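Work through the exercises below with the sequence and the 3D view side by side. Try each task before reading its solution.

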Amino acid sequence: MQRQHPSIADPTQPMPIHSTTPPLFATSGLVLLTALMFVWPIQHTIALRYFLLGLALIWSFFGWSLYGRGRQGGKLPAFIWWTLGLLTVWMYIGAFGWALDPAKTLHQIASQWLVTLLCFGIGASAAYLLPDQRHLLLRLLFAVLAVNVWALVLLDVWYWIQHGHFLRRYGGLESIDLFVNNNAMDKANYLTNMYFAFLLAEIVLRRAGRKSLLGLGYAPIAILFVIGFMASWIEDMRNGTVAFGLMVLLTLALLIAVAPPQRRRREAVVVLLLLAFGGVFMGYMISHQPRWRSLVETFPIALDTQHNREWLTGGLPKFPNGVTVDQSNYQRIAWAKEAVHVLMVFPFGVGFQNQAFGYGVDAIYHTDAQRGNHSHSGLLDLADGTGLPGLILWLGFVLGVWFWALGTFREQRIAPAAPLLLLVFDFTARSAVDSILADHMWQQFMFLAGFLATWTAVERRRITGHD
């Protein structure tokens, strides 16, 4: 058999991309994607955000054109592309078929959904085109999250030094004005929970005996957790506290699943410590939020949307003792019920858009009172826009990615699958109670999901030899 000269590459085998990727291309990608991650949640930066997204698209295009053939093997599962593709087709069918406002639906598909898909593709491209810099990129992205969390705490400490008290429900760098109360705390809290997700994943990887992704020891992780707890206390977001608690429970389950029998006792100690930290934090947050205490009493009033119509006409109802209900509790429950009502009346949706809930309510009650409103649930907003088929396809995507990552982590202990599990879990749980399937929140999640899922697929192919 004729031997191939060692300097001639076998064209049937993928070349390692680091042999053909110039340092300038890699450096530009790292700088660009890190800048995009930082700018994404900052208010009044839409033009800059889309400028950076455009540059990221150009970077990905040239990367695939010049170095795509040499990328490392590893494909995302087919169901990921099928669910996203079918959801896109379904949105267009609805736009041309039965949307209440076809022109707006078409505009929202282009400006919201297609841009979100683009972010997923950019994340996947980064995993393929930066094989030697994946760890560095992940650490830079985490550093951006950490900067937001640390800056929020430091700014509030400075405010405390000047004024003698802390700001609560405060958003830090995401605020329009750095020292305006009641501003952008939700946007800041989404980043804080992502920050927690990476730290929890780091603990799981260390206990599983895998190489650390962030390069942090237990002492730095503990310090970062304390700063994160302070940020969460300042943001004072109830749903963020619940999502964090659920992430802690998922982390505990992962720790038990990956622990070898001879280390079960040691893992039990770690589990108890996490439970103690998480339990004390959640207990304090719940006990010091008046909204929690009145939540149960608000349910029967808010669910009676036909007699208590303040959710539609404005104002707030009162408890039997004459005390006004909490606005957040009342509106979230009432709007969630009516969002389900919209879905029952329009099972195929009213046409994809951020304000699908408001359009559906106005169509049912023949008013203009809710135009432009969302339901405070991203999943219900999406369901009202795309109907039951659209909701099923989206849930098929996120649940499919989650279970695929879970199986991959349990079987091969592939490191990027750990943060992917926690990020997908946190985002999906949060989207049930917050309208985050829109704008930069959705884009940021899809970018991280594309990057981590593709990295997981590449590592799985390297270890197992198949996709």
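**Exercise 1. Backbone angles**

Just after helix α6, G209 takes a positive phi of about 80 degrees. The model is a predicted one.

Solution. 
- Step 1. H376 sits in the loop between α14 (356-365) and α15 (378-412).
- Step 2. The relative accessible area of H376 is 23%, so this residue is partly exposed.
- Step 3. D439 belongs to helix α17 (residues 439-464).
- Step 4. With 34% relative accessibility, D439 also counts as partly exposed.

**Exercise 2. Helix length and burial**

Solution. 
- Step 1. Of the 23 residues of α6, 20 are buried, so the helix is largely enclosed by the rest of the structure.

**Exercise 3. Salt bridges**

Task: how many salt bridges are there, and where do the partners of R168, D434 and E459 lie?

Solution. 
- Step 1. The count is four salt bridges.
- Step 2. R168 pairs with D236, with the closest N and O atoms 3.4 Å apart. R168 is in the loop between α5 (134-163) and α6, and D236 is in the loop between α7 (218-235) and α8 (238-258); the pair is 68 residues apart and links distant parts of the chain.
- Step 3. R168 is partly exposed at 27% relative accessibility, whereas D236 is buried at 11%.
- Step 4. D434 pairs with R332 at 3.1 Å between the closest N and O atoms. D434 lies in the loop between α16 and α17 and R332 in helix α13 (residues 327-345), so the bridge ties together parts that are 102 residues apart in sequence. D434 is buried, at 3% relative accessibility.
- Step 5. E459 and R462 meet through their side chains at 2.7 Å, N to O. Both lie in helix α17, three residues apart, about one turn of the helix. An α-helix has 3.6 residues a turn, so residues three or four places apart point the same way.
- Step 6. E459 is buried at 18%, while R462 is exposed at 56%. Salt bridges with shared partners join R332, R430 and D434 into one network.

**Exercise 4. Surface and confidence**

Task: name the residues of the nonpolar surface patch, and say where pLDDT stays under 50.

Solution. 
- Step 1. The patch covers about 710 Å² and is made by L48, F51, L55, I58, F61, F62 and L66.
- Step 2. L48 is in helix α2 (residues 46-67) and is partly exposed at 40% relative accessibility.
- Step 3. The mean pLDDT of the protein is 86, and 88% of its residues reach 70 or more.
- Step 4. Over residues 1-19, pLDDT stays under 50.

How values were computed:
Residues numbered from 1 in each chain as written. Heavy atoms only, no water. Helix = DSSP H or I, 4+ residues; strand = E, 2+ residues; numbered from the N terminus. Buried < 20%, exposed > 50% of the residue type's maximum accessible area, 1.4 Å probe, protein only. Patch = residues over 30% accessible without salt bridge, like charges linked within 9 Å, V, L, I, M, F, W, Y side chains within 5 Å. Areas by Shrake-Rupley, 256 points an atom, 1.4 Å probe, with all protein chains shown as cover. pLDDT = per-residue confidence, 0-100. Contact = heavy atoms within 4.5 Å.
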